[in-house]
Amino acid sequence: PGKSLKFCRICKRNAMGDLALRQDWEEMHTKISTEQEFKEACSYKGLTCMEVHAGWCGPCTPVINVMKKLHWELVKEKGAQLKFVVANSDKIESLSEYKDRSKPLFVMWRKGTKLTIIDGVNTYALKDYVEGHAPSKADVASED
């Protein structure tokens, strides 16, 4: 009692083995299914990491832990301007080229421009890109 817990920077576990990162993934991302929501997500001034999936397939669960860690480290700890979005390609006309895919696709957007696509479950490429391209609040403010 009275001791402060120390947390591991890598896995966010404290000395007791409890997860410090308790926020549910549902609270960390936005699900979109309309053309208007798509346009808003793409035009964000920060970085939008958009997972695109077919309606029958659903979002990729193996990358959730990587996304949660990125959200925690970049958004919560460093204040990066980063949004995670999950988009159903069956419902958004602008994503029709990605309909009926059976593997994950991550599209990075900033201010209405498609920056890159990461095809498949490549968590290293995903982490590397997001860490290298998510702007800070100061970066976004200086661009206005």
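A: Two strands are taken to pair if DSSP finds at least two bridges between them. In this predicted model, five strands form an open sheet of mixed pairing, arranged in the order β1-β3-β2-β4-β5. The edge positions belong to β1 (29–32) and β5 (113–119); each has a single partner strand, so one side of each is left without a neighbour in the sheet. From one strand to the next, the twist averages 25°.

Within this sheet, strand β2 (residues 47–53) runs parallel to strand β3 (residues 82–88), and seven bridges join them. Leu47, for instance, has Leu82 as its bridge partner in β3.

Leu82 also belongs to the largest nonpolar core, which has 18 residues; Cys49, Leu82, Phe106, Met108, Leu126 and Val130 touch the most other members. Two or more residues come from each of β2, α2 (64–77), β3, β4 (105–110) and α3 (123–133). Of these elements, α2 gives the most, with four residues.

Beyond its neighbours within four places in sequence, Cys49 is in contact with Met67, Leu82, Lys83, Phe84, Val85, Phe106, Val107, Met108, Leu126 and Val130.

With a disulfide defined as a pair of cysteine sulfur atoms within 2.5 Å, the count is zero.

Methods
Residues are numbered from 1 along each chain as its sequence is written. This is a predicted model: local features need pLDDT of at least 70, side-chain atom pairs count only at pLDDT 80 or more; totals for chains, interfaces and linings use all residues. Side-chain values use heavy atoms; hydrogens and water are left out. Axes are lines fitted to C-alpha atoms, for helices over the stretch in contact, and angles run from 0 to 180 degrees between N-to-C directions. A nonpolar core is a set of buried Ala, Val, Leu, Ile, Met, Phe, Trp, Tyr and Cys residues joined through side-chain atoms within 4.5 Å. Buried means under 20% relative accessible area, exposed over 50%, partly exposed in between (1.4 Å probe, protein chains only). Contact means heavy atoms within 4.5 Å.
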